[in-house]
Amino acid sequence: MGGGSPGSVRLRRLATILQLAAVAMTVVVAAFRFGLVGPGAQVGSADDVLPLLIAIAFLCLVGLTRRDHRTIAWLATIGAGFVLTIDIATYAGDVHAQASPQEWQWLGIVVSLAASLAVGAAAAYGFSRPRVSTERLGFEATMVVLGVLLLISYWAIQNPDELLIDGRTSSALGSLGLVTRTFLILTPVFTALGIVGDMLPAADRARRRIALTHRGSVGRREKAAAWLRAFADELAPGRSRARWAAVTERTRIARDIHADVVPGLRQVLSDAERGIPADQLASALRGVLADVEAVGAEAHPIQLEIGGLVSALEWLAERVQTRSGIAITLEVADSASTGRDSEPPADVSSAAFRVAVLALSNVAYHAPQSHTSVRVRSEPRCVELSIVDDGPGISNDALVSARDRGRRGMADMAAEAAACGAIVEVGPGPGGVGTAVSFRWEAPPNR
């Protein structure tokens with residue numbers, strides 16, 4: 001996806017800079033290890049080259065994953081920086097005794113830059129997770145962490161032998177030991193923060209799945225076990241991708257039949273009981289047949305692709321009004337954006353449209369003589385939809401009973417909303433008259 005918020009653009013640029021810095025640091029460390037520069041200028045042993053090979057392997061992984069698997073690219077960048085910092089710090093400790101003050105100062109700069117690379121990559125990864133911070137704060141927090149580490153590094157380079165214990169330096173690196181210790185603490189901490197941030201969305205998806213599949217009197221232990229299985233499935237979807245795809249497709253077909261086919265069949269049955277002419281009955285049956293074929297081909301969402309959410313709702317309102325006779329008013333809030341750029345994400349538009357289909361289907365069945373108002377605000381980062389009728393309404397007891405029993409309409413609306421991170425609510429209309437269904441979605445900071 002192109003574009004994005006300023007925070008996300010800056011984080012992507014920072015990721016590119018850190019990845020290029022890892023390549024440059026690999027070259028610098030190789031120059032030291034192969035004796036091209038540094039105190040003594042001695043070629044290292046075969047064992048000394050192993051960390052370089054590991055770092056190069058991490059960089060190859062970065063190149064393969066930086067576009068499509070950013071988490072892996074972040075972790076590989078951190079891994080390369082970590083290995084390079086350990087290697088150059090080990091080298092510096094080995095040659096400390098024979099290094100001149102000027103050579104030691106340059107070594108201190110290289111060690112500090114390598115540590116800053118690793119810590120910066122870990123901090124950027126950790127702070128870039130949506131559940132950890134916003135994109136803007138993530139970039140700024142990373143800069144603060146880097147600034148603190150660079151200040152420590154500057155002090156250590158200017159005061160190479162300040163850290164003394166009983167007259168001896170506390171590390172073979174002298175004051176640079178403070179830099180490496182800070183690196184050893186911060187890199188794992190921020191990396192763990194990022195991993196947790198990546199796992200939280202999977203945990204939420206698992207929780208929503210369990211909320212839909214385990215209702216009523218199911219025990220906590222059984223729910224916890226089911227959540228763990230769902231969580232593992234979300235983290236490693238390949239193990240059950242085929243099974244989950246089949247379940248999802250069956251659920252979609254059930255929802256579409258309930259929303260698109262059943263109302264038409266009810267109308268045809270009502271017309272047949274009233275004794276309408278055979279040609280009219282045949283025409284109505286052809287319409288139901290077209291709905292069945294559309295469910296098989298998943299044709300109805302094409303309305304969204306052609307004109308977006310508002311156009312699809314206009315088509316839906318006209319279709320339901322023609323078939324059921326209920327009066328429907330569609331109100332569209334003004335939007336600052338225009339054209340295709342004004343549309344919310346496709347999964348959100350689809351979910352909002354499906355909720356509207358289900359809600360109007362319920363109105364046609366339970367309140368066929370009512371007037372219904374559909375209000376929608378459709379923007380790239382926010383969708384608000386409400387369907388309110390002035391029919392008999394639904395009591396709180398009926399709502400609780402429907403939720404507990406997992407009634408098709410309620411469960412399907414909840415599933416559609418949960419799939420895209422939206423909220424759907426069903427309850428009495430204004431003043432306790434009729435029924436109100438509301439759908440609301442707001443884009444998370446990093447979307």
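Okay, so a cavity here is a set of points, on a 1 Å grid over the protein atoms alone, where a 1.4 Å probe fits but cannot get out, and lining residues have an atom within 4 Å of a point. Keep in mind that this is a predicted model, where local features need pLDDT of at least 70, side-chain atom pairs count only at pLDDT 80 or more, and totals for chains, interfaces and linings use all residues. Residues are numbered from 1 along each chain, and side-chain values use heavy atoms, without hydrogens and water.

The search of the whole structure turns up one cavity of 30 Å³ or more. Its lining is made of Leu313, Leu316, Ala317, Leu330, Ala356, Leu360 and Val374. Helix H10 (302-324) and helix H11 (346-366) each give two or more residues to that lining, and H10 has the largest share, with three.

Now, salt bridges, meaning a side-chain nitrogen of Lys or Arg within 4 Å of a carboxyl oxygen of Asp or Glu. The count is seven. Take aspartate 87 and arginine 33, which meet at 2.8 Å, N to O. Aspartate 87 sits in helix H3 (residues 70-95) and arginine 33 in helix H1 (residues 6-33), 54 residues apart. Are they buried or exposed? Aspartate 87 is buried at 5% relative accessibility, and arginine 33 is buried too, at 7%; buried means under 20% relative accessible area, exposed over 50% and partly exposed in between, with a 1.4 Å probe and protein chains only.

Last one: arginine 440 pairs with glutamate 442, closest N and O atoms 2.1 Å apart. Both belong to a salt-bridge network that also includes Arg377, Glu379 and Glu384.

Note on methods: On a 1 Å grid over the protein atoms alone, a cavity is a set of points where a 1.4 Å probe fits but cannot get out, and a pocket is an open set with protein on both sides within 12 Å along at least five of seven lines; lining residues have an atom within 4 Å of a point. Grid points are joined across faces, edges and corners, and a volume is the space filled by probe spheres set on the points. Helices (H or I, at least four residues) and strands (E, at least two) are DSSP runs, numbered from the N terminus.
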